[in-house]
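These are my notebook entries on one chain, written down in the order in which I looked things up.

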Amino acid sequence: MMMKFRKFRCLLHARHLHSKYVPVPLSMQQYLEFGQKKCERKSFQFLNDEIPIRLAHIMREFEDLPKELLTMKSVKLVRSWY
């Protein structure tokens, strides 16, 4: 039980930390150019940096929803995915 609490606290801390950063905005042109160069190292580094930030922002947006929406079955389902 204590181990689960520690993991949960660690996840909350990480989410709080990553939500302070702004995701890198990318245009469709940048996506296309990035895909044409096919540099695996750069792709990995970008995803390694960006995924936690974007997930933290999505989770924070769920917290900002009105309580009526949070009780909806469909919203609960989507929220459980995160």
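I began with a term: I call a residue buried under 20% relative accessible area, exposed over 50%, and partly exposed in between, with a 1.4 Å probe and protein chains only. The model is predicted, so to speak of local features I need pLDDT of at least 70 and count side-chain atom pairs only at pLDDT 80 or more, while totals for chains, interfaces and linings use all residues. Residues are numbered from 1 along each chain as its sequence is written, and side-chain values use heavy atoms, with hydrogens and water left out.

**Entry 1: the whole chain**

The chain has 5 helices and 0 strands, and along the sequence I read the pattern α-α-α-α-α. Of its 82 residues, 9% count as buried. The accessible surface, computed by the Shrake-Rupley method with a 1.4 Å probe and, for residues, only the protein chains shown as cover, comes to about 7,600 Å², and 64% of this belongs to carbon and sulfur atoms.

**Entry 2: helix α3**

I then turned to α3, which has 24 residues and reaches 34 Å from its first C-alpha to its last, close to the 34 Å expected at 1.5 Å a residue; the expected span is 1.5 Å times one less than the number of residues. I found a kink of about 30 degrees at Glu50, shortly before the proline Pro52, where the bend is the angle between axes fitted to the seven residues ending there and the seven starting there. Glu50, Ile53, Ala56 and Phe62 are buried in this helix.

**Entry 3: Ile53**

Which residues does Ile53 touch, not counting those up to four places away in sequence? I noted His18, Tyr21, Val22 and Pro23, taking contact to mean heavy atoms within 4.5 Å. The C-alpha atoms of Ile53 and His18 are separated by 4.8 Å, although the two residues are 35 apart along the chain. Ile53 counts as buried because its relative accessible area is 9%.

**Entry 4: the salt bridge**

How many salt bridges does the structure hold? I found 1, using as cut-off a side-chain nitrogen of Lys or Arg within 4 Å of a carboxyl oxygen of Asp or Glu. The side chains of Arg54 and Glu50 meet in a salt bridge at 2.9 Å, N to O, and both residues lie in α3, 4 residues apart, about one turn of the helix. Side chains of opposite charge can pair when their charged atoms come close. Glu50 counts as buried because its relative accessibility is 4%, whereas Arg54, at 31%, is partly exposed.

**Entry 5: a nonpolar patch**

Last, I looked at a nonpolar surface patch of about 680 Å², made by Leu47, Ile51, Leu55, Ile58, Leu77, Trp81 and Tyr82. Patches are made of residues with over 30% relative accessible area and no salt bridge, joining like charges within 9 Å and nonpolar side chains (Val, Leu, Ile, Met, Phe, Trp, Tyr) within 5 Å. α3 (40–63) and α5 (73–81) each supply at least two of the residues, and the largest share, 4 residues, comes from α3. Leu47 lies in α3 and is partly exposed because its relative accessible area is 44%.
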